[in-house]
Amino acid sequence: MNDCPFCRIAGHERVLLTTPGARVMCDARPALAGHLLVVSETHVPSAEDLSAWEYQCFRRAQQEIAARVHAVFGEVGVYEHGRSAICRFHCADRGDTHGHAHVVPVSCDLIERTGFTTRLGYRPPVDQLVETDRYVYQEAGATPESIWGFGGGNVRRHFVRSELHRVLEERGARWVPLDAPPTEHREANEESVRLLSTPTTRTDACIQLAGESSAIREEAARTLATRLGWALVRPEAVLRLAARHEAASPGKSLGAALESLLRAVEQGTVRFGPEGLAEQVAPAPTPAMLAREAQLASDPVAWERLGDVLRAVLRARPSVFVGLGAHGSRGVPGTGLVVHVSESAARPSGTPWSERHLDTTSLTPEQIAEWVAEAWALRHDAATPERLSVTG
């Protein structure tokens, strides 16, 4: 819409990141440095009105900038308000809304503070979020959860900003009023740009797809490895190779077996590819060997000691890790990107801000691979001078 300020970005807007489906920009009148908006590419009243694919693209941008805010400020909250006129970002008589979320270095329970009558830890069905409902979506806390609150609530226009002001005031922190001189808002945004436009340093090229085991995740991992030209690595399969090295030499310790496997990786006698990795010559499994593999798979020490081998794998070739099961990222070098994939609209409780979450509901393996590849690129995307240009 031509008259929507989020559809028609003026030359003075401070846009940090642009990604398919969303853009991240500084709030025109920030409450403090680090106050950013994630804006949907499609003109809809709220994120809840986006298609399944558009919704996940919107959340991808939100998760990226939230991770940056958390890394810089040590605290972050994500707050999205609903569709009703009282929740709009401007005067109600404008007649249009455009879905966006606030990302700020302030973590509070906005749903509780504003008195919403219903609180859900999962995405509500569409019929619960009717056109006239007010609702709040939030991610906050040291280990964030996706929480929706809707119905009732002591909600006023600009209620997100009002509550942020109250929290900052309670903490004795400095904040910028809506009616402050433009220079104060501009200074806050310049500080946001300075602190948040720098991407994560690229080190080991490693993407880990975590979450409950599923066929769609496995297919997505293969598609992603092929798309990026990376190896597909199942750490459990690497541990299985270590068990076979151990069985090949009776009396050999696990440490010696892992050292032997490490040398094999470094010497190139282990193949890599989008279908996985395997030794060129490996003994056929025996019942005793299979029992040992199962024992190692449940041994936390074995997973910790596997780290050196996996780092050697990454030195040989960028990799997509998949199939870690209950051990999560324990055995994987921590310099890559971890993406939790699951058929759930809610971010799993305890997922760190540095990790991403993708709801695979209604998505194909190809879309999952595309989403993760874009998340990897966005993680290393710096704000460009053109995005940060200021006129007037």
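A residue counts as buried when its relative accessible area is under 20%. By that cut-off, Pro365, Ile368, Ala369, Trp371, Val372, Ala373, Ala375, Trp376, Leu378 and Arg379 of helix α11 are buried in this predicted model.

**Helix α11**
- Helix α11 is made of 15 residues, and its first and last C-alpha atoms lie 21 Å apart, close to the 21 Å expected at 1.5 Å a residue.
- Its buried residues pack against three strands listed here with their ranges, β1 (15-19), β14 (337-342) and β15 (356-359).
- The buried residues of α11 also pack against β9, α1 (52-73) and α5.

**Helix α5**
- Helix α5 runs over residues 215-228; at 1.5 Å a residue its 14 residues should span 20 Å, and the 20 Å between its end C-alpha atoms agrees with this.
- Arg217, Glu218, Ala220, Ala221, Leu224 and Ala225 are the buried residues of α5.
- These residues lie on the same side of α5, because they cover an arc of only 160° around the axis.
- An α-helix has 3.6 residues a turn, so residues three or four places apart point the same way.
- Ala215, Thr226 and Arg227 are exposed on the other side of α5.
- The packing partners of the buried residues of α5 are β9 (206-210), β10 (231-233), β13 (319-322), β14 (337-342) and α11 (365-379).

**Helices α7 and α10**
- Helix α7 covers residues 254-267 and helix α10 residues 307-316; their axes come within 9 Å and cross at roughly 0°.
- Angles under 35 degrees count as roughly parallel, and α7 and α10 are therefore roughly parallel to each other.
- On the α7 side, the contact is made by Leu258, Leu261, Leu262, Val265 and Glu266.
- On the α10 side, Asp308, Val309, Ala312, Val313 and Arg315 make the contact.
- By class, the residues of this contact are 7 nonpolar, no polar and 3 charged.

- His165 counts as buried because its relative accessibility is 12%, where the cut-off is under 20%.
- Apart from neighbours within four places in sequence, the contacts of His165 are with Ala31, Trp175, Val176, Pro177 and Leu178.

Definitions and conventions
Residues are numbered from 1 along each chain as its sequence is written. This is a predicted model: local features need pLDDT of at least 70, side-chain atom pairs count only at pLDDT 80 or more; totals for chains, interfaces and linings use all residues. Side-chain values use heavy atoms; hydrogens and water are left out. Helices (H or I, at least four residues) and strands (E, at least two) are DSSP runs, numbered from the N terminus. The expected span of a helix is 1.5 Å times one less than its number of residues. Buried means under 20% relative accessible area, exposed over 50%, partly exposed in between (1.4 Å probe, protein chains only). The arc is that of the directions from the helix axis to the C-beta atoms. Contact means heavy atoms within 4.5 Å. Axes are lines fitted to C-alpha atoms, for helices over the stretch in contact, and angles run from 0 to 180 degrees between N-to-C directions. Angles under 35 degrees count as roughly parallel, over 145 as roughly antiparallel, 65 to 115 as roughly perpendicular and the rest as oblique. Ala, Val, Leu, Ile, Met, Phe, Trp, Tyr, Cys and Pro count as nonpolar, Asp, Glu, Lys and Arg as charged, and the others, Gly among them, as polar.
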